[in-house]
Amino acid sequence: LRLKWGGLPSGAGFAIGPEYVREDLLSGQMNFRVSTVVSMKAAQKYEFNFTFPKLANNRLFVDFYSAHRNYPQMQFYGSGPDSQKGQRSNYRLEDTTTDINAGIRPFKLLTLGVGTGYVWTNVGPGTRSGWISTEQQFTPEQAPGINRQTDFLRYGGFAQLDYRDDPLGPRKGGNYLVQYTWYDDRKLGVFDFRRLDVTLEQYVPFFNKRRV
């Protein structure tokens, strides 16, 4: 049992809450984590996760993750590179996600996997004092989805090359992750999209690993 802080979007304010972690369930074959984080501006995030990381002699893994987010003061300045600072507004983003991922480690440092999940989404008026609410500043054509709620089925694949010396506190090595995800609008059929996530981390030590 420990304290967790941060991890919320920019502008959400300082956030802190409890986190409970077990890495010794089923003789070390199952990890479990549950956490709650609340910010000074009433932003909230709740997470539930359990993983089987060492199946088939550490070659396979299965991960289940679910989260609920309620961010009442998300910032929005308009879509695209022509948005302006003077157009700032805020809205509420509330969603619940559930995902299951499975993968294989063909080599010690390489992980390949697939995943699927569902996203229940709600968008509403922002609560930040002094900022206009987004639906009053932008039309549905300028901010697609601001007035119509939908849910998404998502699925995709990922590849990760991880040779950090310690993932919890790396002093050297690298972590490279590429993930591609399809989002299918299940209620309205008009907001389908695709998403590419890329993470590139390289840790270079010096002064006998006292600095990185």
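Q: Which residue in β10 stands opposite Tyr-176?
A: In this predicted model, β9 and β10 pair in the antiparallel sense, with eleven bridges between them. Follow that pairing to Tyr-176, and the residue facing it in β10 is Leu-200.

Q: On the β8 side, which residue stands opposite Tyr-176?
A: Strand β8 covers residues 151–162 and strand β9 covers residues 173–185, and the two run antiparallel. Another pair in this stretch is Asp-162 with its β9 bridge partner, Asn-175. For Tyr-176 in β9, the residue opposite is Leu-161.

Q: How many bridges join strand β8 to strand β9?
A: Asp-162 with Asn-175 is a bridge pair here, the latter lying in β9. Counting along residues 151–162 and 173–185, the number of bridges is eleven.

Q: What is the order of the strands in the open sheet?
A: Ten strands make up this sheet, and the pairing is antiparallel. From one strand to the next, the twist averages 20 degrees. Reading across, the order is β1-β2-β3-β4-β5-β6-β7-β8-β9-β10.

Q: Which residue forms a salt bridge with Arg-2?
A: Arg-2 sits in strand β1, and the partner sits in strand β2 (residues 15–25), 17 residues apart in the chain. The closest N and O atoms of the pair are 3.0 Å apart. The partner is Glu-19.

Q: Is Glu-19 buried or exposed?
A: Its salt-bridge partner Arg-2 is partly exposed, with a relative accessible area of 48%. For Glu-19 the relative accessible area is 7%, and the cut-off for buried is under 20%. So Glu-19 counts as buried.

Q: What is the bridge partner of Glu-19 in β3?
A: Strand β3 takes in residues 30–39 and pairs with β2 in the antiparallel sense over seven bridges. Glu-19 belongs to the β2 side, as strand β2 is residues 15–25. Across in β3, its bridge partner is Ser-35.

Q: Which residue takes a positive phi in the hairpin of β2 and β3?
A: This hairpin has four residues between the strands. The phi in question is near 50 degrees, and the residue is Leu-26.

Q: Which residue in the turn between β3 and β4 has a positive phi?
A: β3 and strand β4 (residues 44–54) pair in the antiparallel sense over eight bridges, and Asn-31 stands opposite Thr-51 in β4. Four residues separate the two strands in their hairpin. The one with a positive phi, about 70 degrees, is Ala-42.

Q: What is the distance between the closest N and O atoms of Asp-95 and Arg-69?
A: These two form a salt bridge that links distant parts of the chain, with Asp-95 in strand β6 and Arg-69 in strand β5 (residues 60–76), 26 residues apart. Asp-95 counts as buried at 6% relative accessibility, while Arg-69 is partly exposed at 28%. Their closest N and O atoms are apart by 2.6 Å.

Q: Which residues do salt bridges that share partners join into one network?
A: The whole structure holds eleven salt bridges. One of them pairs Glu-47 with Lys-45, with closest N and O atoms 3.9 Å apart, and both residues are buried. Another pairs Arg-2 with Glu-19. The network is made of Arg-2, Lys-4, Glu-19, Arg-33, Lys-45 and Glu-47.

Q: Is Thr-97 buried or exposed?
A: Thr-97 is found in strand β6, residues 89–104. Leaving out residues up to four places away in sequence, Thr-97 touches Tyr-65, Ser-66, Ala-67, Tyr-118, Val-119 and Arg-154. With a relative accessibility of 10%, Thr-97 counts as buried.

Note on methods:
Residues numbered from 1 in each chain as written. Predicted model: local features only at pLDDT ≥ 70, side-chain atom pairs only at ≥ 80, totals over all residues. Heavy atoms only, no water. Pairing = 2+ DSSP bridges. Axes fitted to C-alpha atoms, helices over the stretch in contact; angles between N-to-C directions. Buried < 20%, exposed > 50% of the residue type's maximum accessible area, 1.4 Å probe, protein only. Contact = heavy atoms within 4.5 Å. Salt bridge = Lys/Arg side-chain N within 4 Å of Asp/Glu carboxyl O.
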